[in-house]
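This report concerns aromatic pairs and nonpolar cores. Please examine the structure shown here before reading on.

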Amino acid sequence: MATGWTSSDIIDNDLNSGPVVGLAFDPSTRTFQTRTDDRQFHWVKVTATDSFGEEDASYFDFSNYVGRVIDNYIVNANVFLDVNGNGEHDVDEPLGISDGNGDFNFNGLSLVDYDLNLNGTIDPDEGSLVALGGIDTATGLPLETPLRATPDATVITLLTTVVAELVDQGLTVEEANTSITNALSIPSDVGINVFDPIAATNNNELGGVETFSAMVQVQNLITQTTGLIAGASGLANGAIVDQVVNAIATQIQTNTTLNLTNVDQIETIINDSATGLGVDVSALSTGATQIIVAANQKIEEAIADSSPNELEEAFAKVQKIALGESTNDLEEVGAGTKSIEEAVAENTGDALDEQINNTEVLSANPTDISLSNDTVAEEQAIGTEVGTFSTVDPDTGETHTYSLVPGFGDTDNDNFEIVDNVLKTTVSFDYETQTEHSIRVQTSDGNGGVYFEDFTINVSDVNEIVGTSGRDVLTGTDSDDLITGMQGPDTLRGNLGNDKFVYTSLMDAGDRIQDFTPGEDQIVLTDVLESFGYNGSDPIADGYLRFGSRSGHSFLMLDVDGSAGSSPARTFALIQNVALADLNSASNFVF
């Protein structure tokens with residue numbers, strides 16, 4: 001048994017002994033530490049030594065791949081190395097999820113597999129970084145625009161997205177960086193791919209304000225233009241963003257400077273983007289330009305009126321309106337449900353000022369999520385309510401939304417959905433198969449405050465009483481029961497509790513249910529309906545499930561081709577002492 005660890009050597013990429021700058025091993029904690037900007041692959045030899053002096057050594061490849069997603073800082077974005085360039089995460093591509101600081105990592109993965117030319121790093125033609133989704137921790141808005149970066153980047157922003165596009169157009173990363181800094185009046189020594197403009201601005205570092213301002217204005221332009229074109233075309237955001245970024249990159253290569261408050265340049269980008277997608281927004285582009293320019297001018301005014309440490313809040317207020325209400329209005333304009341004149345009036349001048357001044361941003365994070373109930377019985381209908389979420393938040397009076405999100409504890413997210421603040425099932429559970437299900441939940445206050453928590457949902461066992469293929473008399477317990485008569489004319493009695501009478505086949509016809517309580521007990525017909533191909537949501541309305549009555553009893557009848565077919569409905573089960581009006585409700589059934 002190894003009782004002590006030593007680092008014998010850290011080996012370079014050619015397997016030659018020697019130190020590697022920025023990589024160190026701590027034997028006391030058995031951990032490696034690297035610089036955050038170190039993207040090299042390292043071959044490592046680690047030696048374990050036991051108390052008798054015996055040693056054993058192993059080699060493995062080590063890579064450190066960390067970064068940060070920024071609009072403001074984006075939490076819960078899916079970040080991956082897009083190896084095949086399809087803009088979607090595939091199972092064989094490294095994936096990380098950004099935290100509350102926007103930070104992600106691919107640690108624990110052997111990225112050497114993606115270094116095709118074996119030069120110790122991933123080159124732009126071997127993949128790019130992509131960030132999708134997540135929440136802006138300043139505005140509380142979802143990130144609607146996919147972000148990209150070349151694989152050397154330690155930040156992913158809309159500016160790195162333009163860098164990646166320029167590289168796609170044939171420039172080197174260094175040439176792309178120079179083109180952007182020149183065009184957007186950013187100091188030349190700023191490295192777009194490694195520069196955090198928010199931190200730099202808050203720390204009053206050279207180039208921070210210029211880069212932060214350019215990033216926000218580019219984001220406003222891309223998001224608002226995307227909204228207009230999406231409304232006019234119905235195209236997916238990702239395809240539109242790609243085209244807008246392409247138009248911006250083309251402008252940067254064509255012109256010495258790109259002024260993001262210049263009416264002519266902005267309108268050209270809007271129309272070029274739409275034309276590239278086969279969409280005509282020329283009748284709307286002048287008004288849309290007014291809206292975009294108005295938002296970007298507010299960024300310029302904030303710089304003139306605020307100190308650097310006030311700009312994060314000032315920019316966030318503008319962005320919350322520009323990327324929220326203004327973008328929604330432009331989408332409605334594109335779709336023809338709102339006039340461009342209305343949109344301009346509401347998103348420029350005093351009206352824009354009022355929206356910006358009244359918006360809340362950079363809210364404190366919630367501190368806890370509670371779920372009123374974490375147990376659901378097995379064999380319940382899809383859509384069964386499990387419990388209600390509530391949030392503890394230091395900011396009073398805020399309204400919270402809830403969603404299932406990827407991350408630690410998300411194993412069984414697909415088995416549930418959240419409607420408003422209610423957790424519901426999307427499958428029917430079987431206690432004998434799995435007794436616990438893990439989900440990860442996000443609460444957001446809509447003003448930048450976000451909190452995550454994982455929950456374990458327990459499945460409780462239900463008494464299962466199963467008959468034979470013959471004539472059975474089955475009686476339930478005083479608790480909830482799951483009673484399956486199987487084939488043959490059976491007599492079924494649930495007794496106390498909320499009972500379910502389960503049918504699996506048309507061959508189960510002929511049963512007599514003696515103590516059915518409408519609104520509490522249920523008849524499960526899922527398998528029967530599936531057996532003759534019904535895949536709708538309301539078999540009562542569709543005529544597959546019908547009812548009859550006689551002498552105070554009700555008959556359940558099935559019609560295998562519904563009201564549209566010619567087959568007659570046939571009696572399936574007798575429900576004793578239940579009026580037809582009480583039985584004829586979807587709540588009494590599981591479909």
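The text below treats the cores and then the aromatic rings.

This is a predicted model, in which local features need pLDDT of at least 70 and side-chain atom pairs count only at pLDDT 80 or more, while totals for chains, interfaces and linings use all residues. Residues are numbered from 1 along each chain as its sequence is written, and side-chain values use heavy atoms, with hydrogens and water left out.

A nonpolar core is a set of buried Ala, Val, Leu, Ile, Met, Phe, Trp, Tyr and Cys residues joined through side-chain atoms within 4.5 Å; buried means under 20% relative accessible area (1.4 Å probe, protein chains only). The largest such core has 87 residues, and Leu-184 and Ile-248 have the most contacts inside it. Helix α4 (residues 208-233) gives the most to this core, namely 11 residues; helices are DSSP runs of H or I with at least four residues, strands runs of E with at least two, numbered from the N terminus. Another core, of 25 residues, lies apart from it and includes Ile-465 and Phe-501.

The whole structure holds 11 aromatic pairs. Rings of Phe, Tyr and Trp (its six-membered ring) pair if their centres lie within 6.5 Å; planes under 30 degrees apart count as stacked, over 60 as edge-to-face and the rest as tilted. Two pairs are tabulated.

| Pair | Centre to centre | Plane angle | Class |
|---|---|---|---|
| Tyr-503 and Phe-572 | 5.1 Å | 70 degrees | edge-to-face |
| Phe-547 and Phe-589 | 5.9 Å | 45 degrees | tilted |

Tyr-503 and Phe-572 are buried, as are Phe-547 and Phe-589.

Terms used:
Buried means under 20% relative accessible area, exposed over 50%, partly exposed in between (1.4 Å probe, protein chains only).
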